[in-house]
Amino acid sequence: MPDTIPIVLFLRRGIRRLYGLVQIWFRALLVGIVWLIALPWATVWIWRFYYWSGESIAFFINGQKIPNRISDNNIESPDAVKFVEYYGDLARLVLYYNINNYFNQA
């Protein structure tokens with residue numbers, strides 16, 4: 001057994017270990033992106049397609065025309081407008097109140 005490790009051998013093994021470590025981190029990043037971003041996104045769009053196709057088939061079978069929708073996320077009921085005008089951004093107000101109370105207790 002030599003007294004010291006040859007520098008070339010030391011560097012070569014260090015590079016291999018670094019390469020393996022980078023591989024593991026990239027693999028973990030890829031798994032995280034797939035499970036936390038790509039899969040939920042695909043699931044939502046698949047369910048939207050299922051509901052859209054089921055509704056379209058039901059209207060077609062009954063001989064009805066599919067209703068024209070301007071926007072699915074547009075809330076224009078008078079009660080909702082009054083609520084927003086009265087309370088404003090309720091989530092922001094509640095969060096601001098909770099944070100202020102938390103820091104003012106100390």
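1. A note on provenance. This is a predicted model: local features need pLDDT of at least 70, side-chain atom pairs count only at pLDDT 80 or more, and totals for chains, interfaces and linings use all residues. Residues are numbered from 1 along each chain as its sequence is written, and side-chain values use heavy atoms, with hydrogens and water left out.

2. Overall fold. The chain has three helices and zero strands. Along the sequence the pattern reads α-α-α. Helices (H or I, at least four residues) and strands (E, at least two) are DSSP runs, numbered from the N terminus. Of the 106 residues, 3% count as buried. Buried means under 20% relative accessible area, exposed over 50%, and partly exposed in between (1.4 Å probe, protein chains only).

3. The annotated span. UniProt, in an unreviewed entry, lists residues 24–47 as "transmembrane region". UniProt positions are given in the numbering used here, feature names are shortened, and annotations may be inferred rather than shown by experiment. In the model this span is 100% helix and 0% strand. Its end C-alpha atoms lie 33 Å apart.

4. Aromatic residues. The whole structure holds four aromatic pairs. One of them joins phenylalanine 49 and tyrosine 50: 6.4 Å centre to centre, 50 degrees between the planes, tilted. Rings of Phe, Tyr and Trp (its six-membered ring) pair if their centres lie within 6.5 Å; planes under 30 degrees apart count as stacked, over 60 as edge-to-face and the rest as tilted. Phenylalanine 49 also pairs with tryptophan 52; the centres are 6.0 Å apart and the planes are at 35 degrees, so this pair is tilted. Phenylalanine 49 and tryptophan 52 are three residues apart in helix 1, so about one helical turn separates them. One aromatic cluster takes in Trp47, Phe49, Tyr50, Tyr51 and Trp52.

5. Phenylalanine 49 is partly exposed because its relative accessibility is 47%. Tyrosine 50, at 48%, is also partly exposed. Tryptophan 52 has a relative accessible area of 53%, so it counts as exposed.

6. Charge over a ring. The charged end of arginine 48 sits over the ring of tryptophan 45, 4.6 Å from its centre. The criterion is NZ of Lys or CZ of Arg within 6 Å of the ring centre and within 35 degrees of the ring normal.

7. Two buried residues. Serine 56 lies in helix 1 (residues 7–61). Its relative accessibility is 13%, so serine 56 counts as buried. A polar atom of its side chain lies 2.9 Å from the backbone oxygen of tryptophan 52. Phenylalanine 59 is in helix 1 too. Phenylalanine 59 counts as buried because its relative accessibility is 18%. Beyond its neighbours within four places in sequence, phenylalanine 59 is in contact (heavy atoms within 4.5 Å) with Gln64, Lys65, Ile66 and Pro67.

8. Helix 2. This helix (residues 78–87) is hardly covered. Among its 10 residues, the count of buried ones is zero. Glycine 88 follows helix 2, with a positive phi near 70 degrees.

Definitions and conventions. Polar contact = N/O pair within 3.5 Å; in protein donor to acceptor, adjacent residues only side chain to side chain.
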